[in-house]
Amino acid sequence: MLRRTLLALLLVLAVLPRSSCAQSTYETSVAGSGYEDMVVGEARDVPCEYGYSGRFQQYYGVEFEDYMFLTDWISKRSDFPLPSWNWYYAYPMRNVVSNDGRARWDNAEIQVHCWIYRAMYMIQHHRDIVAAAGQLVELCEDDWRIDVRREDGDDESDGSRLGSSRYNPYARSSWGATEFCEEDNDGGGGGAGGTQYYPGDHTGGETVTWEGGVGTGEYSACGQDAKVEYVCIDVWVEGVGWTEWSCGYTTTC
Amino acid sequence: MRALALLLVALVYGANSASAQPQTASNPPTRVPVTIALVEQLPHPGSPFVILRRVNEAEHDVILLPANADARQLSLAVQALLTARSVAGDTAESPATIRVRPRSDEGRAHRQFPWIARVHGDLQRAAHRPIRGVGNARAVVIWLPPQRARANR
């Protein structure tokens, strides 16, 4: 009966999904752990470690305000033994760019609760993130100058607009999720839309509708250099030649 | 019995470790590529450059420039592609060979993209490589911000 109960319990444990949210667990044998005095089912707080690697919680790192951040962590305290509830700061950079490059976690800090659980044959070591601190900053394309490193260096980019000398045409991505900030760091921007422009007009960074040359409120790739032009797109038709497809207003640099 | 328990524990730990493996290892690009190629002769007269918009080719957009094109013409060609993409989409729905011209015959001074000289130099030094539908040509690939995505936000 006891054996059947234990087997059923182990089978249940085998199919239970492990939470992937802010919890890290690893197991060691009881013998030689220093916790041989613990009884099965007992939980005990233990001193936290001095540092953790970026993936100690999840493969992608730590989640903060819906963004994932991959960075190492170092204890803010250096008096040993460290407490069971301990604060850590991001290391080596205190300000960490998210994995997708869309946000930055300034003064990133986490609080970890370190405890162990005496299971039937193992000691389960738990490192739970119970709190986080810092400020989340949504990144725009001009935030390229932040000195951070991404694990995927292939996407390193200067992140600037087309009209800027910082634009890297060989980068497949920019730092930010959107190529253009909602607020133009150079003082111009999308605007409210609705302004009627004519060829030769500067839009201050706004795009115009193809049909009417009216400001859209959207941000132009040319930034402050955006100037309205009336152009035509022709398509080549075999046996006929260049045929006008459409004419309209656009912003050029 | 103990061996079975250890095996089950190992299965639990192994399953959880496997579930932590990432589905994808990298983020998709946020920009749209274009191939720029220098050709001995443009396929059609009447334009300093030609833009090929393809659907079934790996290189969807190709800018064809004559071999003696300068950085200014390259900049105009890139600007033309951006215009075409803003109107017809970052990826073409149907294949076409296009050109973009000002409605007025009066020329307007265009400021070159600051980075265009670098691309032009790289293009001049690029090795010949086959481009489907074009042939062997010096070519580079650059990445441009999406146009239609902005318009649809």
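Guide: Let us start with a polar contact, which is a pair of N or O atoms within 3.5 Å, where within protein one must be able to donate a hydrogen and the other to accept it, and where residues adjacent in sequence count only if both atoms are side-chain atoms. Here a polar atom of the side chain of A:Ser84 lies 2.9 Å from the backbone oxygen of A:Val46. This is a predicted model, in which local features need pLDDT of at least 70 and side-chain atom pairs count only at pLDDT 80 or more, whereas totals for chains, interfaces and linings use all residues. Residues are numbered from 1 along each chain as its sequence is written, chains are lettered from A and ligands numbered from 1 in the order in which they are written, and side-chain values use heavy atoms, with hydrogens and water left out.

Visitor: Is A:Ser84 buried or exposed, and where is its place in chain A?

Guide: Buried means under 20% relative accessible area, exposed over 50%, and partly exposed in between, with a 1.4 Å probe and protein chains only. A:Ser84 has a relative accessible area of 16% and is therefore buried. Helices (H or I, at least four residues) and strands (E, at least two) are DSSP runs, numbered from the N terminus, and A:Ser84 has its place in the loop between strand 6 and strand 7 of chain A.

Visitor: Which residues is A:Ser84 in contact with, leaving aside its neighbours within four places in sequence?

Guide: Contact means heavy atoms within 4.5 Å. With those neighbours within four places left aside, A:Ser84 is in contact with A:Asp45, A:Val46, A:Pro47, A:Cys48, A:Val112, A:His113 and A:Cys114. A:Ser84 is also 9.8 Å from A:Gln111, C-alpha to C-alpha, with the two 27 residues apart in sequence.

Visitor: Which backbone oxygen does the side chain of A:Gln57 reach?

Guide: The side chain of A:Gln57 reaches the backbone oxygen of A:Arg127 at 2.6 Å. A:Gln57 is placed in the loop between strand 3 (51-52) and strand 4 of chain A, and it counts as buried at 6% relative accessibility.

Visitor: How should I read the salt bridges, and how many does a search of the whole structure find?

Guide: Side chains of opposite charge can pair when their charged atoms come close. A salt bridge is a side-chain nitrogen of Lys or Arg within 4 Å of a carboxyl oxygen of Asp or Glu, and a search of the whole structure finds 15 of them over all chains. One of these is formed by B:Arg101 with A:Glu244, the closest N and O atoms being 3.0 Å apart. B:Arg101 lies in strand 4 (residues 96-102) of chain B and A:Glu244 in strand 14 (residues 241-252) of chain A, so the pair joins two chains. B:Arg101 counts as partly exposed at 25% relative accessibility, and A:Glu244 counts as partly exposed at 47%. A network of salt bridges links A:Asp234, A:Glu244, B:Arg99 and B:Arg101.

Visitor: Which residue forms a salt bridge with B:Arg85?

Guide: B:Arg85 forms a salt bridge with B:Asp61, and the closest N and O atoms are 2.9 Å apart. This pair links distant parts of the chain, 24 residues apart, with B:Arg85 in helix 2 (residues 71-88) and B:Asp61 in strand 3 (residues 61-66) of chain B. B:Arg85 is buried, with a relative accessible area of 0%, and B:Asp61 is buried with 3%.

Visitor: What should I look for in the backbone?

Guide: Most residues other than glycine have a negative phi, and most peptide bonds are trans. The peptide bond from A:Phe80 to A:Pro81 is cis, with omega near 0 degrees, and A:Pro81 lies in the loop between strand 6 (72-75) and strand 7 (85-91) of chain A. A cis peptide bond also joins A:Tyr91 and A:Pro92, with omega about 5 degrees. As for phi, A:Glu65 has a positive value near 50 degrees, and A:Asp66 has a positive value near 70 degrees. A:Glu65 is partly exposed, with a relative accessible area of 49%, whereas A:Asp66 is exposed, with 69%.
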